[in-house]
Each structure stands twice: as C-alpha cells, then as structure tokens.
Amino acid sequence: MIKRISKLSIADTADLKINAAGLLALPGMIDAHVHLRDLELSYKETFETGTWAAAVGGFTTVLDMPNTRPPTTSREAVLEKISRAQGRLFANVGFQGALVANPTALRDMRNAGAIAFKLYLNKALETFDSSDDSELGQALQAAKECNAIVTVHAEDGNAIRSAQERCMAQGKTKVGDFLRGHTPAIEVSAVRRILAMTRQFGVQAHVCHITIPDAVRLVRRTPNTTCEATPHHLLLSQSIFKKQKTLAICVPPIRSERYMRGLWRLFSAGQVDILASDHAPHTLDEKTATNAWKAASGVPGLETSLPVLFTQVSHCKITLRRLIEATASIPAKIFRLTQKGVLREGFDADVVLVDPKAKIRIQPNEFLSKAKYSPFKGMPCIGRAAYTIVNGTLVAERGKIVGRPAGKVVTSDA
Ligand SMILES: [Zn+2]
C-alpha cells in the first residue's frame, strides 16, 4: 500500500531507497489484454515469462485471456489457473473467463475470480454459436445477471471463414490476401451488432483492439461501453508487411495508413478509452508460413508498449496525462480495480519509475517473453521503465528482473 506521498522528505524508515532523480513516478500500468498462455501452451509463454515481460515493460497488472489450452470456460478452469499462478507472478494478474450461455456456469466462474468475460465473435473460441442472436442474447442476459463486464473480439467469424475458404480454393494465400479477407466492414458490422445487443441487455461492454474510426464512433454513442487500441494498430500501417511478412499478422490486422491516422487522432483525443497490448506470443515456427492464412495471429507487446508510446509523448504527439489515463486510471475504472491506477495514499503500491530520456532500440532477441519477434523491431525509442514496483516490492530494473514474484491474482471489486 502507498503509505505516504510527500514533496518534503519522508522521515519513515524504509527497507529500500531508490534515487529517482530525473525519473517520472507513474501509476503502475495496467494491460487489459494479455495472453499469458501457460498450461498446455507453456511452450509459447508461461506465467513467469509473461509477467517478467510485463514487469520490465512497466506493467504492474495484466488481464489474461481465456483462449488457452484447456480454455477458461468453467469454474474449475479459473481455479486451476489461480492455483498454478501461485508464487509465479511478477506482476498482478486478473483472469478473464470465456463468455458462456449458461447463467450458473457464468456465475460460478465469476465467484471463482474471473474478472471479465471474453466474447469471440470471430469464433476463435466457441462456447456457443455467437452468430445466433438468441444464443448470444442468453449469454448476455447471464452476464447482466452477475454484473459482469463483457470484453469483445469484434469481427464477424462467418464472414472471415467464407473469405478464407474462397481464398484457399483460389490459391490466394499471400499476406495481401489475408489482409483483404479481414475487411474494415467485418469489424464495423460486428461492433454495430454487439453494441446493439449489449445495450438491449444493459451489459457493460468493452470492445477489444478496435482499429476503425467508424467503430470507435459507434462505441462513443453507446452508454456503458468502452474500447481499447493496441500500439501496433495505433502506430503501424500495412507497409510493415514488406519487412515483417507473416510475423506482423494479427487480428484484426494492421490497417492502412488512413485508418491508422484516424485511430491515433481518436486515441490521443481520449475517444479510444485505453491502450492494451494484446500481447499474443507464439513460436517463430508458428509465425512463419508460406500460406498466410496458416500463420499464427498475434504479436508480443508487453515490452514495447511503453517505449513506443512514450516516444510519442517525447515528440508531443500525445500528452503524458493522456498516456497515464489510457494505461492506468481508466483501465482501473473499467475493470473495477478500485485500489489501482492512481498514485494516492491508501492505494496499492504499484508504481513505475520511467526514465523519460532513456534512448533504446527495440531488440526482440533481448525480450524476456518467449516470443522474440516484434513488428516494432529496430525502432528507436525514447523512454523506458527504469524501476517497476509491484505491491511495494521492487521487481524489475532497466530490463532485468531483480525481485521476487510479488504479483497477486486480482478480481473486480464490484
Ligand atoms: Zn487477444
């Protein structure tokens, strides 16, 4: 807990003193969209390696996604993750469950500690037929009954599947074919459909990794609804595929420069609520495929988010205040982490000391994550986490883990 904040020297004794001259003390960052994997996908990432990456990246709390093996679709699965995480977390972790249509199962997951429920409209994880309005309505009703937050991957799975089948049949398997198969319209129509339904059922909704300005405007017109954008959708456009090929594939895909600029404008103006990395580690083998439709989707982001965004602060493209809101105070509000997101006496002692002058270059081979690739590879950046403090314990210092696993499993307070 943060005991005291003072401009004058604090006389209380301390186990550890940090000379933070020239550093900025910010609330520990919260990443609402992270795939820590572990369990049977430990070859991609584990609770240790994922939270190492979080801590050195300045994140003190991350929310884990349920599309694991086995998937997080039951009370037992939530409890299994919580028990396996004990003593292995270098940042705080909240576990998202998968949205299911059975109200008892949903309530049991919530009571076991699930912090939110993920809905995959792209059908990456199917617990019911989400293209069927009545089944989706049942699931949203269940979420409403247990006062749960529904996080949404908003792309129409049927539309993507038919685009993929059409392309495969015609031998269209290049990266460009994959990009053309994931149209902006597939995202915007999914956002429109789900927000009409969450509004009808009175459910708190959060749209994940939004990429299209029109979709953001739909979010802004819907009460009790928020959205996130990733650093790669905010700062990269499709020219990245020339260098990176399938390595930069993610869903929704990185868009054209026009969409990227529009998204950035809305994010910097606070119309996109929060930043989330969608840290999605895979092996290099899984990422490289001659058939782009077969390459694993997702890029790691925990170790690049702060440097690439802080660089934009340095260049006055976004204010520091906006960055703090998007990475700490607003995600804490959305996910009801009432003791986090702000540096205030009585709040959890999750702090990142940022070196605003540090000049670094993104070097994936130095990542602590198991996924040693990045669409930001080689990018020169200004600013990095110098010290990361989790629950009062110094865990990371300038790219290295220096402390014990002080992270805890977190749940919503409401
Ligand atoms: Zn994801």
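Reader: What makes Asp133 count as buried, partly exposed or exposed?

Author: Asp133 has 47% relative accessibility, so Asp133 counts as partly exposed. The cut-offs are these: buried is under 20% relative accessible area, exposed is over 50%, and partly exposed lies in between, with a 1.4 Å probe and protein chains only. A word on the source: this is a predicted model, where local features need pLDDT of at least 70, side-chain atom pairs count only at pLDDT 80 or more, and totals for chains, interfaces and linings use all residues. Residues are numbered from 1 along each chain as its sequence is written, and side-chain values use heavy atoms, with hydrogens and water left out.

Reader: Which residue meets Asp133 in a salt bridge, and what makes it one?

Author: The partner is Arg193, at 2.9 Å from N to O. A salt bridge needs a side-chain nitrogen of Lys or Arg within 4 Å of a carboxyl oxygen of Asp or Glu. Helices here are DSSP runs of H or I with at least four residues, strands are runs of E with at least two, and both are numbered from the N terminus. Arg193 has a relative accessible area of 26%, so Arg193 is partly exposed.

Reader: How many salt bridges are there by this rule?

Author: The count comes to 18. One of them joins Glu48 and Arg88, with the closest N and O atoms 2.9 Å apart. Glu48 lies in helix 1, and Arg88 in the loop between helix 2 (75-85) and strand 4 (92-95), so the pair ties together parts 40 residues apart in sequence.

Reader: How far apart are the closest N and O atoms of Glu126 and Arg161?

Author: They are 3.9 Å apart, and the pair forms a salt bridge. Glu126 sits in the loop between strand 6 and helix 4 (133-145), and Arg161 in helix 5, 35 residues apart. Glu126 has a relative accessible area of 42%, so Glu126 is partly exposed. Arg161, at 39%, counts as partly exposed. Salt bridges that share partners join Lys123, Glu126, Asp129 and Arg161 into one network.

Reader: Which residues coordinate the zinc ion, and at what distances?

Author: They are His33 (NE2), His35 (NE2) and Asp278 (OD), at 2.0 to 2.3 Å. Donors are N, O and S atoms within 2.8 Å of the metal (3.2 Å for Na, K and Ca), and water is not among the atoms, so sites may look incomplete. The donor residues are spaced H-x1-H-x242-D in sequence. His35 lies in the loop between strand 2 (29-34) and helix 1 (47-56), and Asp278 in the loop between strand 10 (274-275) and helix 12 (284-287), so this pair ties together parts 243 residues apart in sequence.

Reader: What are the relative accessible areas of His35 and Asp278?

Author: His35 has 6%, so His35 is buried. Asp278 has 9%, so Asp278 is buried too.

Reader: Why do strand 1 and strand 14 stand at the edges of their sheet?

Author: The open sheet of five strands has the order 1-11-12-13-14, with antiparallel pairing. Strand 1 (24-27) and strand 14 (400-401) each have a single partner strand, so one side of each is left without a neighbour in the sheet.

Reader: How do you know that strand 12 and strand 13 pair?

Author: Two strands pair if DSSP finds at least two bridges between them. Strand 12 (residues 380-390) and strand 13 have four bridges, in the antiparallel sense. Val390 stands opposite Thr393 in strand 13.

Reader: Which classes of residue make up the lining of the largest pocket?

Author: The lining has 16 nonpolar, five polar and six charged residues. Ala, Val, Leu, Ile, Met, Phe, Trp, Tyr, Cys and Pro count as nonpolar, Asp, Glu, Lys and Arg as charged, and the others, Gly among them, as polar.
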